[in-house]
Amino acid sequence: MKRTKQILLFLLTIAGAVSVYAQDDKIEPRIDLSYFQSDNDVPYVVVQVRKKIERRFLPLAGIPVTLYFQEESDSMKIGEIISNAKGEVKMLLPDRLMEYWNQLDSYDFLASVASNDSIEAGSESLTINRARIHISTDSTEKGRLIQAVIERKQNDKWVPVPDVEMKIFVNRRFGRLFIGEETYTSDEDGLIEAEFSGDMPGDENGVIEFGCMIEDHEEFGTLFAYAKNKWGTPMVDDNSAFAKRTLWSSRNKTPYWLLIFPNLAIAGVWGIIGYLILQIYRIKKLAKGQQ
């Protein structure tokens, strides 16, 4: 009986050690939330799930992430999505919560990850103060100016916000082209001004799209606003080069030398093949005559 108790005690000790090791072996997730809104439209949140290996954070793919608005309840649940290869999840605020969102001066987002055999449970929250950007363009005595105003919602009113860093850029086909200073800081009226000088190609009507952004602000997140103006050079399609016989023209405009030389080479090869066949035929005919 005593030996049986010793064996049971030994097995329980091993089981406890395995359990502790399994718990220690679980991954402790690092969860980060980022808030985005463009042109005062529907906002969205990007959740990133990572794990720390030595001194680096690596993305965790295939992890179910649940995002809530204001409180962790079924009615305020934004959604549940599995993280992609970058360990990221992007969720838009659904229509059923937009009316509630419009009434608030600030709001919270809560992201949670449930525990499983390989990962521990984790959660993180993000508090955002409601803000918006107004951007406009105007030609004045000072020149062509791009103006942007940052405002925040406070007690159901929109008030200007000073000392906020913003960037002014032009939307191009392959990305943003920042103009003027690296960053502009809003004054007491929440205003920044940037001068647009020089020539820049626009669309067929000379329209250029300007943008203003606040990037990863601790209170407002990342905000964008856009405005258009005909300050560009109209883009005219020049197809004259394609009307000539060049290498980059259409097939019916192939250069003559490219038509002649390859065809001569092909004709020469087939000529040699035909000559050899003819000689073989003559040799066979001579052989039959000698018989």
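A nonpolar surface patch is formed by Leu247, Trp248, Tyr256, Trp257, Leu258, Leu259, Ile260, Phe261 and Leu264, which together have about 1,000 Å² of accessible area. Patches consist of residues with over 30% relative accessible area and no salt bridge, like charges being joined within 9 Å and nonpolar side chains (Val, Leu, Ile, Met, Phe, Trp, Tyr) within 5 Å. Accessible areas were computed by the Shrake-Rupley method with a 1.4 Å probe, and for residues only the protein chains shown count as cover. The model is predicted, with local features requiring pLDDT of at least 70 and side-chain atom pairs counted only at pLDDT 80 or more, whereas totals for chains, interfaces and linings use all residues. Residues are numbered from 1 along each chain as its sequence is written, and side-chain values use heavy atoms, with hydrogens and water left out.

Tyr256 counts as exposed because its relative accessibility is 56%; the classes are buried (under 20% relative accessible area), exposed (over 50%) and partly exposed (in between), with a 1.4 Å probe and protein chains only.

The protein chain contains four helices and 17 strands. These are DSSP runs numbered from the N terminus, helices being H or I of at least four residues and strands E of at least two. Of its 291 residues, 31% count as buried. The chain exposes about 19,700 Å², of which carbon and sulfur atoms supply 53%. Among contacts (heavy atoms within 4.5 Å) between residues at least 6 apart in sequence, 53% join residues at least 24 apart.

Six salt bridges are present in the structure, each defined as a side-chain nitrogen of Lys or Arg within 4 Å of a carboxyl oxygen of Asp or Glu. Arg132 and Glu151 form one of them, at 2.9 Å from N to O. This pair links distant parts of the chain, with Arg132 in strand S9 (residues 131–140) and Glu151 in strand S10 (residues 143–154), 19 residues apart. Arg132 is partly exposed at 22% relative accessible area, whereas Glu151 is buried at 15%.

Lys167 pairs with Glu215 in a further salt bridge, the closest N and O atoms being 3.2 Å apart. Here too distant parts of the chain are linked: Lys167 lies in strand S12 (residues 165–172) and Glu215 in strand S16 (residues 208–217), 48 residues apart. Lys167 is partly exposed, with a relative accessible area of 21%, and Glu215 is partly exposed, with 48%.

A network of salt bridges links Arg30, Asp32 and Arg50. Between Asp32 and Arg30, the closest N and O atoms are 3.2 Å apart.
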